[in-house]
Structure formats: structure tokens, C-alpha cells
Amino acid sequence: MGPSLPSHPGHAPFSGRLRPLLAPSHAHPPQSLHQPPRMGIKVYIASSSCSTAMKKQQQDVLGFLEANKIEFEEIDIAANEENRKWMRENVPKESRPATGNPLPPRIFNDSRYLGDYEAFFEARENNAVYAFLGLTAPPGSKVCIARISC
């Protein structure tokens, strides 16, 4: 087993599911579930939600990331109270609902809050998902072709 990766401050221990994807040869190999979470895109979801709309939004985000081979970590707030607490505390006040708690899906890059489903959807509609996620668009992607600068 190789060296363990550092976890970032204030993040609860990993109890979600890492989605290993087919990745380019320069990417890191899939990590064991016994290691701390790797830095990168984190999607907070609720596996036991009764809301059909929430389930569809979560699947939309996860499906898009998988289809585009964007590595991410799926973190289930329903399975771990620490994950739920961390997500709620790290959604900025201006991005919280007027009443109640922020609900999934919520997207982070490391510990930096990126947005909710609506923000993700808008970025996707504008072909700006890589910018939204804080990632460089890969060569050959629609965004890269549109810019002709990748």
C-alpha cells in the first residue's frame, strides 16, 4: 500500500462511495476505501431521500460526471451524520434556503463550495461545467473545441 493522502481540514472521515472511472494514464489509480478522501470534486447526496426530484437531480449530476469521465467522490449524508453536518456548515449563507437546511445535491471542489443542482445545470447548459468545477477542459471536449485553445 502506498503513502496515504492527506485529508483536508474540517472534513469528516470518508464514508461515501468513491466512483472510480476510466481515467487517462496520467491520472491517479482508484484508491482504496480505507484511505482518506482524495482531493477533488465531491458530490454530496442523500441515498435515502423520499423526494423523487432530489433523486433525479442527484442522478443527473452523477451521470454527467461519469459520462464525461470526471473523477469525483460521492458522499452520502444519509449514511453519516458527520458528512451531513460538514456539508451544511460549508454551504455559504447566501446559498442556503430561506428556511430549513441546504439539501443535496451539493457540489464542492475540495472544501470550496461550487453550488447546487441549479448552478450545475446552468453551467451544463452553457457548456461551462469544467469552469464551474474548477477543472481544465480536456482536449477534444465541446468546451475545448468551442474555444480552440486547449
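Two strands are taken to pair if DSSP finds at least two bridges between them. Helices (H or I, at least four residues) and strands (E, at least two) are DSSP runs, numbered from the N terminus. On these terms, β2 and β3 run parallel and are joined by five bridges. The structure is a predicted model, in which local features need pLDDT of at least 70 and side-chain atom pairs count only at pLDDT 80 or more, while totals for chains, interfaces and linings use all residues. Residues are numbered from 1 along each chain as its sequence is written, and side-chain values use heavy atoms, with hydrogens and water left out.

The chain contains five helices and five strands, arranged from the N terminus in the order β-β-α-β-α-β-β-α-α-α. Of its 150 residues, 39% are buried (under 20% relative accessible area; exposed is over 50% and partly exposed in between, with a 1.4 Å probe and protein chains only). The accessible surface, by the Shrake-Rupley method with a 1.4 Å probe, is about 8800 Å², and 55% of this surface belongs to carbon and sulfur atoms. Among contacts (heavy atoms within 4.5 Å) with a separation of 6 or more, 61% are between residues 24 or more positions apart.

Strand β2 (residues 41-45) pairs with β4 in the antiparallel sense over four bridges, and with β3 in the parallel sense. Y44 has a partner on each side: Y44 stands opposite R106 in β4, and its bridge partner in β3 is I75. Together, β2, α1 and β3 form a right-handed β-α-β unit; a crossover is right-handed if, with the strands pointing away from the viewer, the path from the first strand over the helix to the second runs clockwise. Strand β3 (residues 72-76) is largely enclosed by the rest of the structure, because five of its five residues are buried. From β3, F72, E74 and D76 point one way, and E73 and I75 the other.

Strand β4 (residues 106-109) is likewise made up of buried residues, with R106 and F108 pointing one way and I107 and N109 the other way. Four bridges connect β4 to the antiparallel strand β5 (residues 112-116), and N109 has R112 as its bridge partner there. The hairpin of these strands has two residues between them, and D110 takes a positive phi near 55°. D110 counts as partly exposed because its relative accessibility is 26%.

The largest nonpolar core has 19 residues, of which I41, V43, L65, I107 and L133 touch the most other members. Such a core is a set of buried Ala, Val, Leu, Ile, Met, Phe, Trp, Tyr and Cys residues joined through side-chain atoms within 4.5 Å. Two or more residues of the largest core come from each of β2, α1 (52-67), α3 (117-125) and α4 (129-133). Another core, of ten residues, lies apart from it and includes Y44, A46, I77 and W86. Beyond its neighbours within four places in sequence, I107 contacts residues including I41, V61, F120, F132 and L133.

Most residues other than glycine have a negative phi, and most peptide bonds are trans. In the loop between α3 and α4, N127 has a positive phi near 50°. N127 counts as partly exposed because its relative accessibility is 46%. A cis peptide bond, with omega about 0°, joins P104 and P105; P105 lies in the loop between α2 (81-90) and β4.
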